[in-house]
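Please look over the sequence and the model shown here before reading on. The text below is meant to be followed with the structure open.

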Amino acid sequence: RMRDREKERALAATAITNSELKIQHPKRWMIEKYLLAEECGWVCPYTGRKFGMRELLGRDAQFDVEHIWPFSQSLDNSFLNKTICYHEENRTRKGSRTPRRAYSDQGLATILDRVKKFRGDRFAVREKLKRFTEEIEDGFTGSHLAETRYIGRLACDYLGTLYGGRVEGAGTDASARRI
């Protein structure tokens, strides 16, 4: 999968370089934005506006990378939680809300029809469709942070066992012996 993603990113960089914008060394964010545009077929899932490279990456770009579940609520900055959105729609209507909260049932149904047409990995399309339809669980951020802290502590302990540090090879806390 990583090699496939590397190939996709290299093809995206080439497409950006060969476009009418002639950007010689596309930055990582440009490549991500291009891949998101490819995924949605160069149509904003929220508004249905079609766009091209100039509107996406040009001097007066009109499309933002948008978090489907707001980053402030989900702490998820992954590709699976991002899409492209017309900048005015993103800033005035969608904002820091989930699609379900920002749009009426009729508006959301039209958006979901567009999301169902996303291109690419079936898992990714299914996951994005889920994020467009579902709300974030209550307490999600707190539990996510607690799990991250726990995993971080376990990783430190394991590395300490291998290389010395907070936990020595014998399983004792190195800081306790410094006293």
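The model is a predicted one.

Start with helix 2, which runs over residues 28–39 and so has 12 residues by the DSSP assignment. From its first C-alpha to its last it reaches 17 Å, close to the 16 Å expected at 1.5 Å a residue. Is helix 2 enclosed or open to the outside? Nine of its 12 residues are buried, so helix 2 is largely enclosed by the rest of the structure. The buried residues are Met-30, Ile-31, Glu-32, Lys-33, Tyr-34, Leu-35, Leu-36, Ala-37 and Glu-39. They pack against helix 1 (2–18), helix 3 (53–57) and helix 8 (122–133), and also against strand 1 (63–67) and strand 2 (82–86). Just after the helix, Gly-41 takes a positive phi of about 70°.

Lys-82 has its place in strand 2. Its relative accessibility is 7%, and because buried means under 20%, Lys-82 counts as buried. What does the side chain of Lys-82 make a polar contact with? The partner is the side chain of Glu-32, at 3.0 Å, and Glu-32 is one of the buried residues of helix 2. Leaving aside residues up to four places away in sequence, Lys-82 touches Glu-32, Leu-36 and Glu-39, as well as Val-65, Glu-66, His-67, Ile-68, Asn-77 and Lys-128.

Now turn to the rings. A search of the whole structure finds six aromatic pairs. Among them, Tyr-46 and Tyr-103 form a stacked pair, with 5.6 Å centre to centre and 25° between the planes. Tyr-46 lies in the loop between helix 2 and helix 3, and Tyr-103 in the loop between helix 6 (99–102) and helix 7 (105–115), so the pair ties together parts that are 57 residues apart in sequence. Both Tyr-46 and Tyr-103 are buried.

Another pair, Phe-63 with Tyr-86, is edge-to-face, with 5.5 Å centre to centre and 65° between the planes. This pair also links distant parts of the chain, since Phe-63 is in strand 1 and Tyr-86 in strand 2, 23 residues apart. Phe-63 is buried, with a relative accessible area of 3%, and Tyr-86, at 13% relative accessibility, counts as buried too. The two rings belong to a cluster in which ring pairs link Tyr-34, Trp-42, Phe-51, Phe-63 and Tyr-86. Tyr-34 is among the buried residues of helix 2.

Not counting residues up to four places away in sequence, Phe-63 touches Lys-33, Cys-44, Arg-49, Phe-51, Glu-55, Leu-56, Ile-84, Cys-85, Tyr-86 and His-87. Of these, Lys-33 is a buried residue of helix 2.

Two arginines also sit over rings. Arg-5 lies over the face of Phe-79, at 4.6 Å from the ring centre. Arg-131 lies over the face of Trp-69, at 5.0 Å from the ring centre.

Note on methods:
Residues are numbered from 1 along each chain as its sequence is written. This is a predicted model: local features need pLDDT of at least 70, side-chain atom pairs count only at pLDDT 80 or more; totals for chains, interfaces and linings use all residues. Side-chain values use heavy atoms; hydrogens and water are left out. Helices (H or I, at least four residues) and strands (E, at least two) are DSSP runs, numbered from the N terminus. The expected span of a helix is 1.5 Å times one less than its number of residues. Buried means under 20% relative accessible area, exposed over 50%, partly exposed in between (1.4 Å probe, protein chains only). Contact means heavy atoms within 4.5 Å. A polar contact is a pair of N or O atoms within 3.5 Å; within protein, one must be able to donate a hydrogen and the other to accept it, and residues adjacent in sequence count only if both atoms are side-chain atoms. Rings of Phe, Tyr and Trp (its six-membered ring) pair if their centres lie within 6.5 Å; planes under 30 degrees apart count as stacked, over 60 as edge-to-face and the rest as tilted. A charge sits over a ring if NZ of Lys or CZ of Arg is within 6 Å of the ring centre and within 35 degrees of the ring normal.
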